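My notebook is open and the viewer is loaded. Here is what I looked up, entry by entry.

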Amino acid sequence: MKLLTHNMLTSKCMKGVTVGYPLKIKAVDVKENEIDFNPDFISRIIPKLDWPVLVKAADSIGKNDNLPEDLLPEYESDTDFLKKVHHVLLEIDIVNGELICPETGRKFPINNGIPNMLLNEDEV
Amino acid sequence: MELWSYSETIAGVHKQMKQYPYELIALYMKENQTFKIEVETFCRHFTQREKVEKLEAFSYLPVKGQVKLKGPDVVFQYIEYYGIDPKAPPENPYMVFFGRWITNGLRQLIQDLSLKNRKFIGNTSMDPQLSLLMANQAQIHPGDIILDPFVGSGSLLVAAAHFGGYVLGTDIDYLMLHARTRPSRITQKKREKDESVKANMAQYGLDHKYIDVLVNDFAIQFWKDDIRFDAIITDPPYGIREATEKIGTSKENCTVSEQHLSTHIPAKIVYGLSSLFYDLLAFSAKHLKLGGRLVCWFPIFREDYQEDGLPRNPSLQLVANSEQILNKHTSRRLLTYKKMSEPINKVMEERNHITDFRTRYYDNREETRKERRMKRAMERN
């Protein structure tokens with residue numbers, strides 16, 4: 001699972017959960033894959049992200065590559081910055097671990113890079 | 001193709017070409033240009049020898065260059081058209097065409113993405129031609145984010161990624177996403193260890209377009225409210241070859257005990273087609289960007305079909321609707337919806353009742369089976 005995906009997920013759909021965001025990450029096995037860099041895509045995706053959540057998520061798995069706390073004002077023209085974001089969003093892959101609901105503590109296992117977000121029948 | 005001549009007879013084309021003003025074609029027949037002539041006979045088979053004869057009939061052309069079969073500078077194309085019924089082609093072609101080949105279309109992609117040599121396929125993997133068509137219908141642009149909420153083996157995402165989309169998929173079937181279901185190829189005894197949607201992407205050099213797949217029940221969404229996808233393309237299960245399911249149980253007050261929690265496989269109940277499509281449209285109305293498109297298949301019973309009976313949502317406009325006939329009674333329709341407005345909350349939307357395809361499908365079969373038996377009995381008496 002990539003941090004881009006993590007940025008988009010919430011456990012709000014669960015009973016008794018009001019925000020459910022961001023999910024906590026417990027990373028057991030993290031891989032870094034080289035992926036073609038597409039600056040246009042990265043600049044398009046940045047405004048859609050919850051930036052502080054991305055920085056914290058990268059922090060929590062020990063992969064924060066000196067990302068700034070706040071977004072730079074003119075990031076579109078800053079290739080080095082875009083490359084860093086590209087790396088954090090797409091190249092870091094959590095292969096095994098867990099996503100954890102911040103309110104209930106419910107764990108969602110990640111196996112082979114695929115998170116299992118299925119609830120049990122008594123939870124729906 | 002730059003058409004130089006066409007006629008209803010072969011002789012007609014040759015007659016036109018012999019009289020063709022030389023200065024108009026001289027540009028492509030210079031001494032230093034290599035060339036070849038392609039012969040295509042549409043819907044009728046000829047031996048290589050017969051094709052060469054057809055080709056040699058053009059020996060009068062004032063070409064000065066050398067023949068080169070691989071990568072020539074100029075390709076002349078000769079086409080004989082024998083209609084569209086391969087079982088009974090006529091003796092002589094209906095139409096004959098000749099001209100200069102300008103460029104190839106993208107049809108080759110259908111072979112390139114063929115399911116025959118794809119790493120990971122499932123029982124209901126979408127044919128590449130239809131997948132590419134769906135990606136076109138969704139108007140995918142480079143850098144778009146595309147979701148398939150019933151992803152399966154990811155065949156739609158392959159096509160979407162080919163047109164530049166970054167792809168996400170979800171599916172309720174854990175074993176499918178982890179490629180632990182029974183293999184779909186008759187020759188294959190066991191799934192290979194490295195089969196996955198990601199491996200499919202890598203096979204076509206599209207792995208940089210792969211974001212993630214998640215095991216997720218479509219009825220319970222984990223996407224954040226403000227997430228917007230550029231397009232949603234999907235082929236939901238129809239309840240025939242793939243089950244329509246969501247998590248749930250008919251038991252009351254059911255709980256999963258602590259000791260079983262880690263290995264528990266959630267129980268599933270039927271997710272009626274009617275509510276599945278209602279949810280799919282509501283989900284798309286919420287999670288598509290304005291102007292974004294939902295492209296999906298919808299199974300129907302042909303005699304019941306009415307455009308009014310198609311799923312609808314006040315925020316989505318149906319912009320295309322085409323039919324693929326499956327058999328005498330059933331077909332599926334490829335529906336393209338465009339998001340016209342943000343959905344208004346808390347308005348009770350009119351829920352379109354859709355006859356359950358599965359029930360109709362099996363009811364009908366039951367009947368025909370009975371009829372067949374009766375008929376056979378009649379014949380015997």
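**Lys190, chain B.** I started with B:Lys190, which lies in the loop between helix 7 (174-177) and helix 8 (197-203) of chain B. For the record, helices (H or I, at least four residues) and strands (E, at least two) are DSSP runs, numbered from the N terminus. B:Lys190 counts as exposed because I find 7 C-beta neighbours inside 10 Å. My cut-offs: a residue is buried if 20 or more other C-beta atoms lie within 10 Å of its own, exposed if 12 or fewer, and partly exposed in between, with C-beta atoms placed from the backbone. I also checked B:Arg180, ten residues apart from B:Lys190 along the chain; their C-alpha atoms are separated by 9.0 Å.

**Ground rules.** This is a predicted model, where local features need pLDDT of at least 70, side-chain atom pairs count only at pLDDT 80 or more, and totals for chains, interfaces and linings use all residues. Residues are numbered from 1 along each chain as its sequence is written, and chains are lettered from A and ligands numbered from 1 in the order in which they are written.

**Helix 5 against helix 6, chain B.** At what angle do the axes of helix 5 and helix 6 of chain B cross? I get roughly 55° for helix 5 (residues 128-137) and helix 6 (residues 155-162), with the axes coming within 8 Å. The axes are lines fitted to C-alpha atoms, for helices over the stretch in contact, and angles run from 0 to 180 degrees between N-to-C directions. The two helices are therefore oblique to each other.

Helix 5 of chain B brings B:Pro128, B:Ser131, B:Leu132, B:Met134 and B:Ala135 to the contact, and helix 6 brings B:Ser155, B:Leu156, B:Val158, B:Ala159, B:Ala160 and B:His162. Contact here means that the C-beta atoms of two residues, placed from the backbone, lie within 7 Å. I sorted this contact by class and got eight nonpolar, three polar and no charged residues. In that scheme Ala, Val, Leu, Ile, Met, Phe, Trp, Tyr, Cys and Pro are nonpolar, Asp, Glu, Lys and Arg are charged, and the others, Gly among them, are polar.

**What covers these two helices.** In helix 5 of chain B I list B:Pro128, B:Ser131, B:Leu132, B:Met134, B:Ala135 and B:Gln137 as buried. Their cover includes helix 4 (108-112), helix 6 and strand 8 (229-234) of chain B, among others. How many residues of helix 6 of chain B are buried? It is eight of its eight. Those buried residues pack against helix 5, strand 5 (145-148), strand 6 (166-171), helix 8, strand 7 (210-215) and strand 8 of chain B. Just after helix 5, I see B:Gln139 with a positive phi of about 50°. Helix 6 is followed by B:Gly164, whose phi is positive too, near 100°.

Most residues other than glycine have a negative phi, and most peptide bonds are trans. Against that, I flagged A:Asn112, with a positive phi of about 50°, in the loop between strand 3 (107-111) and strand 4 of chain A. B:Cys43 goes positive as well, at about 75°, in the loop between strand 2 (35-42) and helix 3 (48-56) of chain B. I also found a cis peptide bond joining A:Tyr21 and A:Pro22, with omega about -10°.

**Glu123, chain A.** A:Glu123 is in the segment after strand 4 of chain A. With 16 C-beta neighbours inside 10 Å, A:Glu123 counts as partly exposed. Leaving out residues up to four places away in sequence, A:Glu123 touches A:Met14 and A:Lys15. I make the C-alpha separation of A:Glu123 and A:Lys15 7.1 Å, for 108 residues along the chain.

**Chain A on chain B.** Last entry: the contact takes 27 residues from chain A and 28 residues from chain B. On the chain A side, helix 1 (3-8), helix 2 (39-45) and strand 4 (114-115) each supply at least two residues. I count that side as 14 nonpolar, seven polar and six charged.

Technical notes. Parallel < 35°, antiparallel > 145°, perpendicular 65-115°, else oblique.
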